[in-house]
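Reader: Please take me through this model in short steps. Where shall we start?

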Amino acid sequence: MNSPTYAGDEPGDVRPVPELRPRPGGDGPGPGFAPVRPQTSPMMTDAGRLAATVERLRQEVREAQAAADGRALVEMAKGVLVGRLGCGPAEAARQLAKLAEQSGTTLLALAVDVVNQAARDHVSEVAREFLENTAQPTPVAGASTPAVRLRAAESGLLAAADSQAVAAALLENALAALGAHGVAIWVAGSDSSLTLVGHAGFPEEEASRWRYIPPEVATCAHLALDKRELTVVPRLSDSGIPSIGRRQHPGGGRVVVPAGTGGRIHGVLEVCWPEPLEPQSPQVLRQLEALAELCAHTLGDQDLAPSAEPEVPEHGCAGVAEMVNLADNLYDPALVLTPCLDLGGRLVDFRVHHANDRFIDPAGRPRTSVCGSSFLEAYPAAAEDNGLFDKLERVYATGEPCRTQRMALTAFVDDVPLTAIADASISRHGESLLLIWRIEDETARLASLLQHAQRLGRVGGFEENITTGEITWNGQLFTLYGRPLTSSPVPLEELRAHAHPDDVASINRFLRTLLHHQRESSVDFRLQRTDGITRHIRLVAEPVLDDRGCLHAVRGAYQDISSQHWTEVALAATRDQLAHTEAEAAERSRLALQLQHAIMPPAPAPLEVPGIRIAVRYRPAESEAMVGGDWYDSVVLPNDKVLLCVGDVAGHGIEAATGMVILRNALRGLAVTGAGPAQLLSWLNTVAHHLTSNVTATAVCGIYDPHTRVLRWARAGHLPPVLVRGIEARSFPMAQGLLLGALPDVDFEEEEVRLEPEDTLLMYTDGLVERRDVSVTESLSQLLSLAAREAESLDRRVDRLLTHSRSDTDDDTCLIGIQVR
């Protein structure tokens, strides 16, 4: 016969239900029924039979305890019905059984529902929330629900004799149904240490290794103390955090929940799963929080947790009185605070129970106006994030003392904030907090700040009484003079003897203005110390007059400005050198620009040649410092052919312009020989490599025959020409050819193309297309797209190419347009 099943907390969670048989005295499904236990095999050995007997007896004890818990809940439900219906216990029992039969649920489940409706406590709220937010299947007889598990766990906790029994009751009645395999109950010490007071599901040997955890050791349970909220560790091995039971299930998940009441954390409930923990629903997490709260109520019992701190009586009892006596005997301002709880037992504020005689309020209020008020009413600014109130809550919850330096204490008087800086110390004693603060002495703080400012600024102060001759120096001034603190200060009248002779006249003017004209004065001079060191000093002083207007004293300050002086000297020298360098650079740029404009004017006139029309454009760089070596040329040769070329010398400035002139003129002279473009570039490479000083350049050279309309061309590391025919623009192939001047002997490949009427040939330097953010291939594609657009004339076409060029390198640009007629 198959065992019945029931649905668990989550959809699809199905667990077996043990077969039930009536127990004598039982009254139907529920506590009166007990699972059928398997019979012991006759083949067992004596040891096995003994072990089975022990396990059977343990099972009977657990069943008896569960039955007792169930009967207790049923009896509570009967009592509720007696009170509501005004009937006797027997009638209440019949009504309860009848309602269970009509609703199709178990007597225990119905009893729990009745108790929850009457109690309206935290457990009933969690049960109601679970039912409202989770789709539950039709109840099955004997099945367990979250409400039944929580009430059964509560009943087990109340009947438990010690913390070990509490852990077993939690695991058996509530947590095992959620898939958990182990429970650990920790008591928190005032120093954030943890003591294991109860466990279930772990071997005794493992539990003995975790009896005490010092506050410095980070564990899963410490996460709940630090965060003061439920914390989930999905997988122990991923977190790297040690914890009880990690040896047995290193990949398991953990949920740690602070166990506290009334704002105090008594300990931590740690629930362990054998497998990685999937994200849990909010309803399940609320169940765990409710179980932790139930557990917290038991941790204050001395019998359950011997190592836990004893509960202290309510406010106004001897415990708080002792705190008042302690505060009155302190030399620092101190407050005794007691917790303020809402109707649900949650901490909302603290009451200022007492302020000692040395209490100092930042707003100057008397202590009588602060005593008796809530802490947030007296100091509302303390509620800011990570403020003083947050620290009070943490100390009250965990018991761990807190000390903080330079905390702002703000009070409001007539809506005006008044703030003081204080060092605060907070400690918990029973149910009260002792808050000690020491407001910073502003005078001492400013004096210390002034001393550090004088040290960093190398400033020494003095005051000289003219009438008595008494002189007061601070320690920094003795250091500036290089004199021991036990030596006598130097009067102002003897200042000349300690200064450089060339500065004596300036010191005389300073003293005359200060002592005779009685006006504030300053002087810069060189102080010659007895150790041979010369320091540059700035002295500032003012007269101090008495009631009759007569000079009474002089006070002032010395400042060591040696570093500033030598910095200014070095800066002046650097400035002079920079100005000279800038003048040289400007002159070189001017000469390069004049040379370039003399050879290639920015807007030359169109060149008329039989059979073709030539338009050239030159755009210089915007910055004169970027004057480069771009050049172009178009000239009719003695054989009626036309030389067309563009080039670009590497670099900028006068060197690039000079190299451009050499190559341009050399190519003109070589072209007269009638040689082809490849031969001309080969000769020009020899000129660049041997007859110049490290000049390198790129170039495109073409020889056009107007009679046959044939163009022969070659390139030396330069971008090839572009041919525009109709509405199509294409670039010539990359003919072989290294840049000029790189190697002594280079072969250049020569290409030939026949042009047709109305064709337009474009030759240009890289300043037309070069961009920093895109490749040359992409820039060339943009140029071809722009060149293919229809134009009214050759001049319009080249002007448009120059205007809409997307180049962003601020380099000079040459462009030649040749239109065949």
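Reader: Is Phe 375 buried or exposed?
Author: This is a predicted model, where local features need pLDDT of at least 70, side-chain atom pairs count only at pLDDT 80 or more, and totals for chains, interfaces and linings use all residues. Residues are numbered from 1 along each chain as its sequence is written, and side-chain values use heavy atoms, leaving out hydrogens and water. Relative accessible area decides the label: under 20% is buried, over 50% exposed, in between partly exposed (1.4 Å probe, protein chains only). Phe 375 has a value of 0%, so Phe 375 is buried.

Reader: Which kind of aromatic pair do Phe 375 and Tyr 379 form?
Author: Rings of Phe, Tyr and Trp (its six-membered ring) pair if their centres lie within 6.5 Å; planes under 30 degrees apart are stacked, over 60 edge-to-face, the rest tilted. The whole structure holds ten aromatic pairs. Phe 375 and Tyr 379 form one with 5.4 Å between centres and 50° between planes, which makes it tilted.

Reader: What is the relative accessible area of Tyr 379?
Author: Tyr 379 is the ring partner of Phe 375. Tyr 379 counts as buried because its relative accessible area is 3%.

Reader: Which residues form one aromatic cluster?
Author: Here several rings come together in one group. The members are Phe 462, Trp 473, Phe 478, Tyr 481 and Tyr 558.

Reader: Which strands stand at the edges of the five-strand sheet?
Author: Strands (E, at least two residues) and helices (H or I, at least four) are DSSP runs, numbered from the N terminus. Five strands form this open, antiparallel sheet, in the order β17-β16-β20-β19-β18. An edge strand has a single partner, so one side is left without a neighbour in the sheet. The edge strands are β17 (471-473) and β18 (521-528).

Reader: Which residue in β17 is the bridge partner of Glu 464?
Author: Two strands pair if DSSP finds at least two bridges between them. Strand β16 (residues 459-465) meets β17 in the antiparallel sense over three bridges. The partner of Glu 464 in β17 is Ile 471.

Reader: How far apart in sequence are the parts tied together by Arg 438 and Asp 332?
Author: A salt bridge is a side-chain nitrogen of Lys or Arg within 4 Å of a carboxyl oxygen of Asp or Glu. Arg 438 and Asp 332 form one, with their closest N and O atoms 2.8 Å apart. Arg 438 sits in strand β15 (residues 432-439) and Asp 332 in the loop between α11 (318-328) and β11 (334-341), so the tied parts lie at a sequence distance of 106 residues.

Reader: Is Arg 438 buried or exposed?
Author: The value for Arg 438 is 52% relative accessibility. Therefore Arg 438 counts as exposed.

Reader: Which residue meets Arg 535 in a salt bridge?
Author: The N to O distance in this salt bridge is 2.8 Å. Arg 535 lies in strand β19 and its partner in strand β20, 25 residues apart. Arg 535 is partly exposed at 22%. The partner, buried at 8%, is Asp 560.

Reader: Which four residues are linked in a network of salt bridges?
Author: Start with Asp 795 and Arg 613, whose closest N and O atoms are 3.2 Å apart. Asp 795 is in helix α22 (residues 794-803) and Arg 613 in strand β22 (residues 612-619), so parts 182 residues apart in sequence are tied together. Arg 613 is buried at 19%. The network consists of Arg 613, Arg 617, Asp 795 and Asp 799.

Reader: How many Å separate the sulfur of Cys 272 from the nearest cysteine sulfur?
Author: A disulfide is a pair of cysteine sulfur atoms within 2.5 Å. The structure holds zero disulfides. For Cys 272, the nearest cysteine sulfur is that of Cys 220, at 8.1 Å.

Reader: Which cysteine is in contact with His 181?
Author: His 181 is in the loop between α6 (163-175) and β5 (182-188), and is buried at 18%. Contact means heavy atoms within 4.5 Å. Leaving aside neighbours within four places in sequence, His 181 has contacts including Leu 171, Phe 202, His 249 and Trp 273.
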